[in-house]
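Here are my notes on this one, in the order I'd go through them. Have the viewer open while you read.

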Amino acid sequence: MSNNLFSPVTLGQMSLANRVAMAPMTRNRAPGGIPTALMAEYYVQRAEAGLIITEGAQISDQAIGYPATPGIHSQAQVDGWKQVTDAVHANGGHIFVQLWHCGRVSHPDYHEGALPVAPSAIKPAGQAFTYTGLQDFVTPRALEFREIPEIVEQYRHAAAMAIKAGFDGVEIHSANGYLLDQFLRDGSNQRSDAYGGSIANRARLLLEVTGAVCDEIGADKVGVRISPVNGFNDMHDSDPQSLFNHVATELAKIKPAFLHVVEVSMAGEVDHAVDMQQIRQCFKGAYMANGSYDKARGNAAIASGAADMVAYGIPYLANPDLIERFRRNAPLNAPDMATFYGGDAKGYTDYPTLDGG
Ligand code: PHB
């Protein structure tokens, strides 16, 4: 019999009960960057997932780009996350934290007036979410060559802090137009040093970060997320297939536990400019698919071998008992977009379960 979403799987050293992951989603409910008891309740409600990947957690103060997102670089943040990991583990779950640097998708208001940093001084179209509402993005400051080793060290430090906080591992966020993705794609990276220009140069920072993080906590505890066709945050690239085939080929040498691929745009559209299965073949290791999957497509992807796991975002946000609903072919709750970003328990921990919990 072929596998499906409910088949157990081994990922790194972990034996996961099923192949459904909760995808990382920003929820802006960590005032001052410190995870709360309410966040622990939210994640524990979803502990039946084979693997939870948390919302992005900034790796340094410079990495922040949104209000009330959690960090994973200070002891107070580690203490806050400990409530989350303890609760999830007590309920038999597995949980990775996503390591996040927003780069140019930020605003001087987060940096005492200083400019956000990026590979190149190229302003993205659009607006930043700030404490006082939406404000136009600014032209970021290009990181100096000599500053780059410090960024790598910040990822390494954050990974070490994640293990202290009790996480089973980390996912390196190299998707959706944030710092590592800004380095990868030539629409945002026009550097002339060893971190820009050729595909090999643009991939260098991600590979150095992945190498450092794997060295720090073990490659079996590391995933990497990419989004080859997502134009969100004003991203574009002249040859995404070659770029991401190279990324996958080089990541394969470092052997992180999985590659997590956002296969569609933010709006869920497919873009045939990139064949995701080529990327999968270059990587060779476990492949986690994400992007507008429902139960049927998820099962089909697992059964055909196109994916080893499938990550669900908005369906998991709105359905704490998503696995049980899939099992019973039950209808899903409608997501309430007004409560996605910020607020309290409403639209966060109060989505009903089938059994009335
Ligand atoms: C968002 O806040 O909309 C957001 C954050 C991180 C992502 C994607 C979207 O990777």
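1. Contact here means heavy atoms within 4.5 Å. Helices (H or I, at least four residues) and strands (E, at least two) are DSSP runs, numbered from the N terminus. This is a predicted model, where local features need pLDDT of at least 70, side-chain atom pairs count only at pLDDT 80 or more, and totals for chains, interfaces and linings use all residues. Residues are numbered from 1 along each chain as its sequence is written, and side-chain values use heavy atoms, with hydrogens and water left out.

2. Start with H3 against H5. From H3, Ile 148, Val 152, Tyr 155, Arg 156, Ala 159, Ala 160 and Ile 163 meet a set in H5 that includes Leu 205, Glu 208, Val 209, Ala 212 and Val 213. That contact divides into 11 nonpolar, no polar and four charged residues (Ala, Val, Leu, Ile, Met, Phe, Trp, Tyr, Cys and Pro count as nonpolar, Asp, Glu, Lys and Arg as charged, and the others, Gly among them, as polar). Helix H3 (residues 148-164) packs on H5 at about 35 degrees, axes 9 Å apart; axes are lines fitted to C-alpha atoms, for helices over the stretch in contact, and angles run from 0 to 180 degrees between N-to-C directions.

3. Next, H5 (residues 199-217) packs on H6 (residues 240-254) at an angle of about 30 degrees, with the axes 10 Å apart. That makes H5 roughly parallel to H6, a label for angles under 35 degrees. H5 residues in this contact include Ala 203, Leu 206 and Leu 207, while H6 brings, among others, Leu 243, His 246 and Val 247. The residues split into 10 nonpolar, four polar and two charged.

4. H6 also packs on H7 (residues 276-283): their axes come within 7 Å and cross at roughly 25 degrees. H6 and H7 are therefore roughly parallel to each other. Among the residues touching are Phe 244, Ala 248 and Leu 251 of H6, plus Ile 279, Cys 282 and Phe 283 of H7. The tally is seven nonpolar, four polar and no charged.

5. Now the ligand. Which residues surround it? They are Thr 26, Tyr 66, Trp 100, His 173, Asn 176, Tyr 178, Phe 232, Met 266 and Tyr 341, where near means that a heavy atom of the residue lies within 4 Å.

6. For Tyr 341, the distance from a polar side-chain atom to a ligand oxygen is 2.9 Å.

Methods: Parallel < 35°, antiparallel > 145°, perpendicular 65-115°, else oblique. Polar contact = N/O pair within 3.5 Å; in protein donor to acceptor, adjacent residues only side chain to side chain.
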